[in-house]
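Subject: Structure for your review

Dear colleague,

Please find below the structure that I would like to hand over to you.

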Amino acid sequence: MKNTEWWKEGIRFECQGSGQCCVSRDQYGYVYLTKKDRIRMAEALKLSTTEFTKEYCIKEDGIFHLKDGVDGRCLFLKGKQCGVYEGRPTQCRTWPFWPEVMNPKVWKAEVADFCPGIGKGRLWSAEEINAQLIEQSQSESQY
């Protein structure tokens with residue numbers, strides 16, 4: 001796992017419902033989906049996995065991701081709320097604790113300066129953060 005020294009005392013984070021993390025920007029352009037993600041989202045929408053995949057997904061280089069919405073917005077973003085919150089994919093459930101942003105400089109530039117929930121709400125312990133990182137890493141290995 002990455003150097004955890006900078007978050008050993010935990011990180012405060014609570015979603016503020018801004019919807020900013022649901023809009024494509026720079027290299028964070030796709031919501032990648034494992035098979036479990038597609039099953040979970042299909043169930044939330046009361047569709048079969050096949051129906052969900054045909055309607056809402058694209059497969060590129062063997063990896064599924066959600067189709068683009070208007071202006072880079074997630075197809076399931078309703079106002080500033082997730083329209084499939086209970087069925088949201090791992091990539092969304094583990095935000096902002098993604099392995100690729102858990103370097104202090106990257107965290108500041110790509111997360112803390114962008115996400116209004118950083119520094120607010122409950123304190124996530126280092127153990128909880130590590131669990132989120134592991135879940136996201138395992139998910140990435142299933143794309």
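The notes that follow describe what was found, one topic at a time.

Please bear in mind that this is a predicted model.

In soluble globular proteins, nonpolar side chains tend to be buried together. In this model, the largest nonpolar core has 17 residues, and Phe97, Met102, Trp107 and Ile129 are those with the most contacts inside it. Four elements each supply at least two residues of this core: strand 1 (11–13), helix 4 (104–112), strand 7 (118–124) and helix 5 (126–140). Helix 5 gives the most, with 3 residues.

Apart from its neighbours within four places in sequence, Trp107 is in contact with Trp6, Ile11, Pro96, Phe97, Val101, Met102, Ala112 and Ile118. A second, separate core contains 10 residues, including Phe52, Cys57, Phe64 and Phe76.

Three strands form an open sheet in the order 2-4-3, with antiparallel pairing. Strand 2 (32–33) and strand 3 (57–60) are its edge strands, each pairing on one side only. Between strand 2 and strand 4 (residues 63–66), the antiparallel pairing extends over 2 bridges. Within strand 4, His65 is the residue that stands opposite Tyr32.

Helix 2 lies across strand 2, strand 3 and strand 4, and runs at about 80 degrees to strand 3.

Thr53 lies in helix 2, which spans residues 49–56. Is Thr53 buried or exposed? Its relative accessibility is 13%, so Thr53 counts as buried; the cut-off for a buried residue is under 20%. A polar atom of the Thr53 side chain lies 2.8 Å from the backbone oxygen of Thr49. Leaving aside neighbours within four places in sequence, Thr53 is in contact with Arg38 and Phe64.

Thr50 is also found in helix 2. Because its relative accessibility is 49%, Thr50 counts as partly exposed. Thr50 and Gly72 are 22 residues apart along the chain, and their C-alpha atoms are separated by 24 Å.

**Salt bridges**

Side chains of opposite charge can pair when their charged atoms come close.

- Glu5 and Lys8 form a salt bridge in which the closest N and O atoms are 2.8 Å apart. Glu5 is partly exposed, at 48% relative accessibility, and Lys8 is partly exposed at 49%.
- Arg40 and Asp37 meet through their side chains in a salt bridge of 2.5 Å, N to O. Both residues lie in helix 1 (residues 35–44), 3 residues apart, which is about one turn of the helix. With a relative accessible area of 0%, Asp37 is buried, whereas Arg40 is partly exposed at 23%.
- Glu128 and Arg122 are joined by a salt bridge between their side chains (3.1 Å, N to O). Glu128 is partly exposed, with a relative accessible area of 30%, and Arg122 is partly exposed at 39% relative accessibility.

Yours sincerely,
A colleague

Conventions. Residues are numbered from 1 along each chain as its sequence is written. This is a predicted model: local features need pLDDT of at least 70, side-chain atom pairs count only at pLDDT 80 or more; totals for chains, interfaces and linings use all residues. Side-chain values use heavy atoms; hydrogens and water are left out. A nonpolar core is a set of buried Ala, Val, Leu, Ile, Met, Phe, Trp, Tyr and Cys residues joined through side-chain atoms within 4.5 Å. Buried means under 20% relative accessible area, exposed over 50%, partly exposed in between (1.4 Å probe, protein chains only). Contact means heavy atoms within 4.5 Å. A polar contact is a pair of N or O atoms within 3.5 Å; within protein, one must be able to donate a hydrogen and the other to accept it, and residues adjacent in sequence count only if both atoms are side-chain atoms. A salt bridge is a side-chain nitrogen of Lys or Arg within 4 Å of a carboxyl oxygen of Asp or Glu. Two strands pair if DSSP finds at least two bridges between them. Axes are lines fitted to C-alpha atoms, for helices over the stretch in contact, and angles run from 0 to 180 degrees between N-to-C directions.
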